[in-house]
Every structure is written in C-alpha cells, then in structure tokens.
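Dear colleague,

Please look through it alongside the text below.

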Amino acid sequence: MQFHHHGYVSGDPRVQPAAGIGLDRPEELPDEMDVLIVGTGPAGMITAAQLAAYPDVHTRIIDRRPHRLEVGQADGIQARSVETFQAFGFAERLSCEAYHLTEMAFWKPDPQEPEKIVRTAQPIDDPQGVSEFPHLIVNQARILDYFAEAMEMAPSRMRPDYGVEFLDLTVEDSGEFPVSVRVRHTAGPREGEERTVRAKYVLGADGARSRVRGSIGRRLEGDQANHAWGVMDVLARSDFPDIRLKCAIQSDSGGSILLIPREGGHLFRMYVDLGEADQHGDVRSTTVEQVAEKANEILHPYSVDVRHVAWSSVYEVGHRLTDKFDDVDASGDESGGTDDGGGCPRVFIAGDACHTHSAKAGQGMNVSMQDGFNIGWKLGQVVSGVSSPDLLRTYSAERHTVAQNLIDFDREWSTLMAMKPEEFEDPSFLEDFYVKTAEFPAGFMTEYQPSPITGTADRQQLAEGFPIGKRFKSARAVRVCDTNPLHLGHQAEADGRWRIYAFADRPAAGQESALTRWAEWMAESPDSPVRRFTAAGQDLDALFDVKVIYQQRHTEFEVTDAPRIFLPEVGPYRLLQYEKVFGILEGEDIFDERGISRDGAVVVVRPDQYVAHVLPLTDTDALAAFFAQNMEPARG
C-alpha cells in the first residue's frame with residue numbers, strides 16, 4: 001500500500017482522498033446518474049466497489065431492503081475469490097475470521113453394517129496446489145460488509161441506497177441518460193413514493209426473480225427442478241467425529257448430506273437430501289424439524305441435536321441460463337438506440353439474474369462476483385472516456401460461456417451427490433471426481449477467448465506459465481527498493497488499471513538491452529499506450545501499472561538503474577515511485593517457475609486480473625495495436 005505521495009497521512013491509510021463525485025456526493029438517490037446497480041448481493045456490491053475507484057463516474061446501488069443483509073445465504077469462498085479480495089484490500093482480514101477448508105471427508109455405508117456410515121476417504125482440498133490462497137467459509141453478509149467498506153473508503157465515497165425498490169425500466173433512443181428507471185421508496189421519509197430516475201447504464205444484480213431481466217425481455221431457461229434439498233445453519237451437539245470438517249455423506253437409504261463447518265468454531269451448515277421433488281411444491285413446506293430428523297437418519301449411528309437454527313431454506317435443484325447477459329439481441333440491436341455507441345448495450349444482468357444452479361458446488365456467490373468484477377471495470381473505462389462503448393459488448397460474450405461451463409459442472413456434481421452408493425460402478429468415484437476437478441470449483445478454469453481485450457496465443461511460448469485468457473497466476477519476486485520478497489500478482493489493486501509486466505532479457509539492469517529499448521519506446525513514443533492514452537496532468541502510471549522483473553538478484557544492481565518508465569513521478573510533489581522494480585528470488589526464479597523466455601517477454605494483464613496478451617520485447621507495434629483496439633486516445 002502506498003500513501004503520503006499527496007502529503008502526510010496520519011489516519012487510516014486505506015481511506016483514499018475524496019475526489020470527483022466523492023467531494024459532493026448527493027446523500028439521497030438523485031434523478032440522474034452514470035450507472036445504477038440494482039441489488040446489493042455479491043455481484044452488485046463488487047461492481048459498485050470497482051466503480052467506486054472511478055471518482056468521475058457517478059454510481060448508485062439500490063436495494064429494496066431497508067438495511068444491510070444480516071444473514072447471508074452463501075458461505076463458500078473459493079481461492080479465486082480470495083485472490084480477488086486481495087485486490088480490494090481485505091483478503092487478509094477476511095481470512096482471519098473465516099473457516100479454512102483444507103481437507104474433505106467422504107462417508108459411505110459400512111460394507112459389514114450398511115445401516116451405519118463410515119469414513120472412506122479424506123483428500124486434501126487443493127491437491128494440485130493451484131493457488132497460494134486458501135478455500136474459506138464465511139457468511140455472505142460479511143463479504144458484503146467488506147465491499148461496502150471498500151466503497152466508502154474509495155475516492156467516490158459510495159454507499160448503498162437501501163430502501164429503494166426497482167420496478168421497471170425503458171431504454172430510449174437518445175439523450176445523455178437514455179435508461180429511464182421507475183423505482184419505489186420502501187423505507188424512510190419517502191416510503192411509498194414512486195419516481196423515475198435516469199442513468200447511462202443499469203446493472204441488474206437482483207437475483208433469480210430479477211425484474212431488470214424481465215424489463216429487457218430475457219428469460220431463464222433450462223432444466224426443471226427435480227430434486228429437493230433442505231439447508232440450515234445450526235448450532236448443535238453431535239457425536240459425529242467430523243462435525244468440524246467438510247463432508248460428503250451418503251447413507252444406505254439413499255439420502256445424503258453435504259456438511260460444511262462455518263466460521264466461529266461452532267456453527268455448521270447441512271445440505272440434506274430430501275429426495276425427488278413433487279410437482280405441487282409441497283416440499284417447500286418441509287419444516288426444520290423434519291430436515292433435522294432426515295439428517296439424523298442419514299448420520300446413523302451418529303446423531304445431531306439441533307439447539308438453534310440461524311438460517312434455513314428448502315429448495316429444488318434447477319439449472320437455468322439466459323441466452324445473453326445484456327439488452328442487445330443477436331443481430332446487434334438493443335432495446336433502444338443511443339446517440340453514442342449505437343447498438344452497444346445499456347442494460348446488463350449478473351449473478352443469479354442470469355444463471356441459477358445448486359449451491360453444493362460452492363459456485364453461486366463466487367461466479368457472481370466474477371461477473372461483477374468483469375463488468376465493473378469495463379463500465380468504469382467507458383463512462384470515464386478511456387474506452388469506447390464497444391468494450392461493453394465483451395461482457396456477455398465472456399461471462400455467458402463461464403456460466404454455461406458452471407451449469408454443466410454443477411449438473412454433474414449435484415447428480416453425483418444425489419446418487420445412491422450402489423449406483424456407482426467404482427466405490428471411490430465421488431471422491432476421485434472431487435480431486436480430479438479441484439481446479440474448476442477453485443475458480444481457475446475460466447479462459448477468455450480472443451477479443452479486443454484478449455489477444456491470440458501466437459507468442460504464448462514466451463511465457464508459458466501465464467496462459468492468455470486465464471487469470472494471472474502469481475509468483476514471487478524481490479522488490480528491489482526494500483528487498484521484500486513479494487507475490488507479484490498481489491501488488492495489483494482493483495483500481496481499474498492495466499498491468500504490464502516487462503520480463504527483462506539477459507543483460508543486467510543499466511546495460512543496453514531489448515528491455516531498455518522497449519522502456520524508452522514506452523516512455524517516449526507517441527504510439528506507446530502510456531503516452532497515447534494517459535491524459536495531460538495525470539501521473540504516468542494513472543492508467544498503466546508498468547513493472548519490470550530482471551533476471552538478476554536484487555543485490556546485483558541498483559533500483560535507480562531501471563529506466564524511468566519503471567520509476568514514474570507521482571503526486572503533486574512529483575515523488576519517484578520505487579516499487580515497480582523486481583529481481584529474482586533465490587530458489588524461486590519466476591522465469592523458471594512460469595516458463596518465461598530468457599530473451600524476455602511482455603505480459604499484459606487486464607484490470608480484472610486475466611492475462612490479456614504475451615508479446616516479445618521487440619514487438620512494440622503489436623503492443624500499440626492491441627491497446628488501440630480497446631482504448632480511446634486521451635482528450636486534450
């Protein structure tokens with residue numbers, strides 16, 4: 001974390017100086033705004049937190065509830081999400097309060113006494129070591145609290161507008177604020193009042209019964225629900241030995257339980273198999289006592305005595321998906337034209353509003369947050385004038401594929417969870433499937449296809465460990481200025497900036513090389529993305545965070561040997577930014593660990609942490625052409 005560059009900071013350094021809309025933010029929901037987000041769930045809140053980093057973008061987020069969520073439905077936090085939280089500045093604090101999931105136990109009928117269950121396997125949670133971040137369990141409400149804190153500490157000083165219900169919207173043909181939204185105040189002094197507000201863009205993150213989705217004519221389509229589950233967070237006494245361990249439990253009767261310990265040392269969640277769902281919805285009337293009774297049948301010879309139920313629900317598994325995640329149809333026409341970026345989307349949906357599935361793969365909240373992270377920076381770039389509205393076309397194309405893959409995976413996993421033990425040809429199939437597919441639920445199988453913001457893999461061999469289209473898999477290097485060994489990826493904040501990592505060729509720092517010629521082009525050429533897109537008066541690293549990683553150890557050169565593109569002047573006092581120069585860590589050479597060519601390479605990473613391109617240091621034309629297709633020249 002860097003601060004003091006605008007002057008001495010004596011308070012909480014996480015609180016950034018107010019700027020833009022944050023200097024005079026209207027207390028109440030105004031009549032006009034740049035972006036309106038509907039719903040304060042995970043998808044909406046991460047989008048708002050990302051947009052809060054853009055002080056010139058007036059964003060509001062509304063929810064019909066009168067206050068913050070107190071009891072969250074989701075609780076599983078996959079490693080990719082924790083990686084994302086790192087960029088928003090709260091991964092470490094959240095990790096301290098969360099339950100850490102390190103192993104999973106599988107219980108099945110005892111072959112000698114089938115009416116009893118026995119432990120049959122206990123694999124580790126991340127057998128491939130796909131991430132340095134843990135798999136956590138924590139209440140969804142706490143995640144939303146952390147995003148709310150990040151929003152309020154950001155330059156735009158954003159806060160949710162609770163007690164405002166979305167009714168419907170229309171998109172008009174022209175005007176600065178073409179989306180007309182009808183809302184109703186559900187709390188406070190204006191309770192019951194209906195009014196119309198206007199926005200440039202709207203995101204519907206308002207759940208499976210999304211009114212925003214209905215307003216743009218999208219529908220959830222897919223499998224009908226045919227299997228019911230009871231879920232409850234409980235405080236209970238039990239003699240089951242793995243009550244504080246994630247478990248998949250299958251009984252001889254065919255019933256099953258997915259048991260998930262919760263944070264705090266006492267609370268745990270049970271997903272209890274209630275069998276085939278009837279066609280009349282009677283399963284919804286199942287009581288918590290009946291769910292607990294069913295759980296005890298499955299756990300035999302063990303028992304669970306439920307003393308307190310913190311939250312419960314009964315639901316039927318269904319897998320549904322919309323055909324697109326915005327208001328533009330397949331022919332490129334939107335529900336209403338605009339005066340700029342005609343044919344580009346104005347209304348988007350995210351999370352449960354566009355994909356629903358079971359909760360047992362632990363993906364709902366995690367994938368929803370990645371929806372929000374994806375659309376958040378794109379809206380920020382477009383509204384602030386950094387990119388054209390065409391950038392927004394990539395959201396639905398990228399995230400629809402991810403959602404379809406999730407539904408395919410969850411359909412297979414939930415089917416396996418509902419099967420009877422004797423239906424498996426291989427008795428260890430369930431636990432083997434869990435281990436074999438660990439990378440998918442961890443959130444690391446997403447791979448975006450070539451687009452204006454994701455290049456082709458023609459030069460992938462220069463950095464084989466950073467696959468284009470997949471998230472930037474961090475590795476450690478030594479920051480030269482203070483000799484700290486750090487994860488390179490952990491230094492990237494959710495501030496809307498692109499990351500450009502220049503991996504040096506063999507000559508040492510200070511010597512003439514491909515790197516020094518590349519660095520000179522970046523700093524001086526009018527074709528350089530830094531020079532072409534950074535506005536006059538902005539810091540040199542305002543849009544692009546450019547770092548260098550040398551092949552030498554930090555003791556073999558001085559930080560001041562690095563070219564000036566890696567030592568930019570920042571803030572009103574024009575202080576040098578020293579933290580962009582790295583050397584290799586002895587015993588953990590990042591060039592070897594990530595397959596980086598010893599001739600050097602340039603790795604471009606998007607603001608949402610996905611690798612956008614890999615290029616040689618010598619091909620500056622390709623780097624210029626890549627950014628020319630997704631960014632607008634600086635105004636003025």
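How far apart do the end C-alpha atoms of residues 446–633 lie, and how much of the span is helix and how much strand? The ends are 30 Å apart, and the span is 15% helix and 22% strand, where helices (H or I, at least four residues) and strands (E, at least two) are DSSP runs numbered from the N terminus. The unreviewed UniProt entry annotates residues 446–633 as "domain: Phenol hydroxylase-like C-terminal dimerisation", and such annotations may be inferred rather than shown by experiment.

This is a predicted model, in which local features need pLDDT of at least 70 and side-chain atom pairs count only at pLDDT 80 or more, while totals for chains, interfaces and linings use all residues. Residues are numbered from 1 along each chain as its sequence is written, and side-chain values use heavy atoms, with hydrogens and water left out.

Leu486, which lies in strand 22 (residues 484–487), has a relative accessible area of 18% and therefore counts as buried (under 20%, with a 1.4 Å probe and protein chains only). Leaving aside residues up to four places away in sequence, Leu486 touches Ala475, Arg476, Ala477, Arg479 and Gln491, a contact being heavy atoms within 4.5 Å. Ser474 is 12 residues from Leu486 in sequence, and their C-alpha atoms are 9.7 Å apart.

Helix 2 (79–88) and strand 23 (498–503) each supply at least two residues of the lining of the largest cavity, and helix 2 gives the most, with four residues.

Best regards

How values were computed
Buried means under 20% relative accessible area, exposed over 50%, partly exposed in between (1.4 Å probe, protein chains only).
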